[in-house]
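Have the sequence and the 3D view side by side as you read.

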Amino acid sequence: MTRLRDLTPAEKQFLDDAVAAAERASGKKLNQPNRHIVLSRARAQIESQRHADRQRAVREEERQQAEFTWSRPRSPRR
């Protein structure tokens with residue numbers, strides 16, 4: 001997996017929430033190896049969501065292209 005770049009504020013919040021949830025589950029602060037495991041799992045989920053969003057956008061574009069018929073714009077009546 002490549003390193004994610006340009007995280008949105010919602011994705012940054014998702015990473016923070018994942019670490020906080022893991023710390024609540026363990027009852028103490030996470031050590032470095034466990035923190036890396038949690039963050040890598042959260043990054044994989046973000047990448048999966050980005051891929052799903054790209055696929056959804058492609059399908060939406062194909063659907064819009066299938067429905068679209070070009071017609072000449074009408075000039076306003078004078």
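**Briefing: one backbone detail and some charged pairs**

D6 sits in the segment before α1 (9–26); helices here are DSSP runs (H or I, at least four residues), numbered from the N terminus. This is a predicted model, where local features need pLDDT of at least 70, side-chain atom pairs count only at pLDDT 80 or more, and totals for chains, interfaces and linings use all residues. Residues are numbered from 1 along each chain as its sequence is written, and side-chain values use heavy atoms, with hydrogens and water left out.

**Around D6**
- The phi angle of D6 is near 55°, which is a positive value in a residue other than glycine.
- D6 counts as exposed, at 73% relative accessibility (buried means under 20% relative accessible area, exposed over 50%, partly exposed in between, with a 1.4 Å probe and protein chains only).

- The whole structure has four salt bridges (a side-chain nitrogen of Lys or Arg within 4 Å of a carboxyl oxygen of Asp or Glu).
- One of them joins the side chains of R50 and E11, at 2.7 Å from N to O.
- R50 belongs to helix α2 (residues 32–67) and E11 to helix α1, so this pair ties together parts that are 39 residues apart in sequence.
- E11 counts as buried, with 14% relative accessibility.

**Other salt bridges**
- R63 pairs with E60, their closest N and O atoms being 2.4 Å apart.
- Both R63 and E60 lie in helix α2, three residues apart, or about one turn of the helix.
- R63 is partly exposed at 40%, and E60 is partly exposed at 41%.
- E47 and R54 also meet through their side chains, at 3.7 Å from N to O.
- E47 is partly exposed at 27%, and R54 is partly exposed at 43%.

Key:
Helices (H or I, at least four residues) and strands (E, at least two) are DSSP runs, numbered from the N terminus.
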